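Good morning, and thank you for joining this meeting. Please keep the sequence and the structure in view while I speak.

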Amino acid sequence: MKSANTAGQAFVREVNLSLVLRLIHTEAPLSRAQLAARTGLNKSTVSSLVEDLLDRNLIHETGVNSTGTGRPAMLLEINPQAGAIIGVELGVDFIAIVLTDFVGRILLRKNVAADPAASQEKTLDQALQLINEAICFCHDNGHQIFGLSFAIPGTVELNEGLLIFAPNLNWHNTPIRKIFSGQTGLKVFIENDANAAAIAEHLFGVAQELNDFIFVFAGVGLGGGLFLNGQLYRGRGGYAGEIGHTSIMAEPFQLPCRCGNLGCWETYASQESIIRRMKLRLGDKQNGSLSISLIKQAAVRGDENAIESIAEAGTAMGIGLAGLVNTFNPEKVIIGGPISVVGEYLLPSIQKSVSKYSMAEIAVQTEVCLSEFGADASLIGAAAIVVDDILRNPTHIVRR
Ligand SMILES: [Zn+2]
């Protein structure tokens with residue numbers, strides 16, 4: 001049996017390995033001496049930790065830093081070829097997968113249409129086919145795989161890898177990890193889509209090194225990834241961030257929401273609300289069905305109805321965001337997800353509305369911006385979940 005002391009030492013070493021790996025991830029290239037200075041650990045400890053990470057092939061030496069007065073030092077950075085990751089997004093009417101390297105660069109990407117009326121079994125089977133294509137690609141190109149990860153439009157249970165409820169798919173209690181680890185032999189991860197997108201921004205996007213930011217995943221609905229005090233905030237049951245279903249308008253202007261409530265924020269600020277506003281403006285002049293991409297095309301042509309419909313939804317989005325800005329005082333609010341198609345037309349009205357409706361002292365401390373990954377935010381987020389797990393627990397890696 002391990003003594004408490006040995007277990008304690010192993011824990012400290014894991015924490016230090018993670019600390020060094022994370023620093024290399026955010027600040028590379030770095031020398032061993034720079035790592036010692038940045039972590040406060042002594043040089044021999046840092047050297048031993050670096051050797052361990054080199055042996056695990058998670059980092060590599062990238063060249064010599066010969067600037068400055070001291071002895072030239074070997075620089076270290078994350079090894080992009082350390083392992084590949086398969087990310088999956090289960091949309092309402094599509095399935096997307098992405099294969100990335102260890103620094104989030106896309107190696108392969110596939111999209112297929114999915115029938116919202118199809119059985120869960122059929123949709124999962126479609127996903128499996130795409131995953132198998134990515135696995136074959138890895139075998140053919142000599143990539144080892146760290147894991148397979150799902151961004152879910154709903155609530156999840158992380159320990160069991162269970163999808164609890166995805167309202168837009170109408171799936172309940174689906175054992176995603178059990179199903180896909182059985183079929184692929186890969187380590188399977190699962191996360192809510194907005195949370196996954198927040199992790200992607202933190203690791204690879206516009207929120208690197210930020211401790212407090214809010215990611216707003218906007219599409220069919222509005223979901224929030226609350227990244228507070230340097231980590232995701234999940235709340236008691238893992239439901240934190242269900243921002244779309246907070247009421248923002250008083251009677252008599254309340255619209256019914258899919259959740260069964262009235263006046264939910266997302267009914268005024270989602271992609272659907274833009275389409276509804278455009279329909280109202282066009283009235284009898286509308287022919288054919290409207291989509292967000294058609295509205296975008298109209299906005300590009302300078303169509304006032306399209307531009308105003310988007311801006312109105314932006315104002316409504318800003319009203320809800322102002323409450324979050326007052327509550328959490330974030331450094332950034334990042335807008336991403338399918339609504340990014342019209343992001344450039346949406347952003348100015350969101351910014352204006354946030355500064356109008358939140359407290360002035362807080363608003364000036366908050367930047368409202370667009371996601372680095374736009375409509376792909378949760379897909380890249382799925383892959384980012386695996387990278388984040390490895391940065392936390394470098395000794396737990398599995399390659400297949
Ligand atoms: Zn609702």
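Three aromatic pairs are counted in this predicted model, where rings of Phe, Tyr and Trp (its six-membered ring) pair if their centres lie within 6.5 Å. One of them joins Phe213 and Phe227, with 4.8 Å from centre to centre and 20 degrees between the planes, and this pair is stacked. Planes under 30 degrees apart count as stacked, those over 60 as edge-to-face and the rest as tilted. Phe213 belongs to strand β12 (residues 213–218) and Phe227 to strand β13 (residues 222–228), so the pair ties together parts that are 14 residues apart in sequence. Helices (H or I, at least four residues) and strands (E, at least two) are DSSP runs, numbered from the N terminus. Both Phe213 and Phe227 are buried; buried means under 20% relative accessible area, exposed over 50%, and partly exposed in between, with a 1.4 Å probe and protein chains only.

A word on conventions. Residues are numbered from 1 along each chain as its sequence is written, and side-chain values use heavy atoms, with hydrogens and water left out. As the model is predicted, local features need pLDDT of at least 70 and side-chain atom pairs count only at pLDDT 80 or more, whereas totals for chains, interfaces and linings use all residues.

I turn to the zinc ion. Which residues coordinate the zinc ion? They are His245 through ND1, and Cys257, Cys259 and Cys264 through SG, at 2.0 to 2.3 Å. Donors are N, O and S atoms within 2.8 Å of the metal (3.2 Å for Na, K and Ca); water is not among the atoms, so sites may look incomplete. Along the chain, the donors follow the spacing H-x11-C-x1-C-x4-C. The four donor atoms subtend angles of 104 to 120 degrees, and the arrangement is therefore tetrahedral; four donors count as such if all angles lie between 85 and 135 degrees. Cys257 counts as buried because its relative accessibility is 10%, and Cys264 does so at 1%.

Next, the strands. Strands of a sheet pair through backbone hydrogen bonds, either parallel or antiparallel. Here, two strands pair if DSSP finds at least two bridges between them. An open sheet is formed by three strands in the order β8-β9-β10, with antiparallel pairing. At its edges stand β8 (155–157) and β10 (171–174), each with a single partner strand, so one side of each has no neighbour in the sheet. Strand β8 is joined to strand β9 (residues 162–166) by three bridges, and Val156 has Leu163 in β9 as its bridge partner.

Strand β7 (residues 145–152) runs parallel to β11, and five bridges join the two. Ile152 stands opposite Asn192 in β11. In strand β11 (residues 188–192), five of the five residues are buried. Val188, Ile190 and Asn192 point one way from β11, while Phe189 and Glu191 point the other way.

Leu124, in helix α4 (residues 120–141), is buried at a relative accessible area of 9%. Setting aside neighbours within four places in sequence, Leu124 is in contact (heavy atoms within 4.5 Å) with Trp171, Thr174, Ile176, Ile179 and Phe180. Ser18 lies in helix α1 (residues 4–27) and is buried, at 12% relative accessible area. Not counting residues up to four places away in sequence, Ser18 touches Leu391, Arg392 and Pro394.

Terms used: Four donors count as tetrahedral if all angles lie between 85 and 135 degrees; four count as square planar and six as octahedral if opposite donors are over 155 degrees apart and all others between 65 and 115; anything else is irregular.
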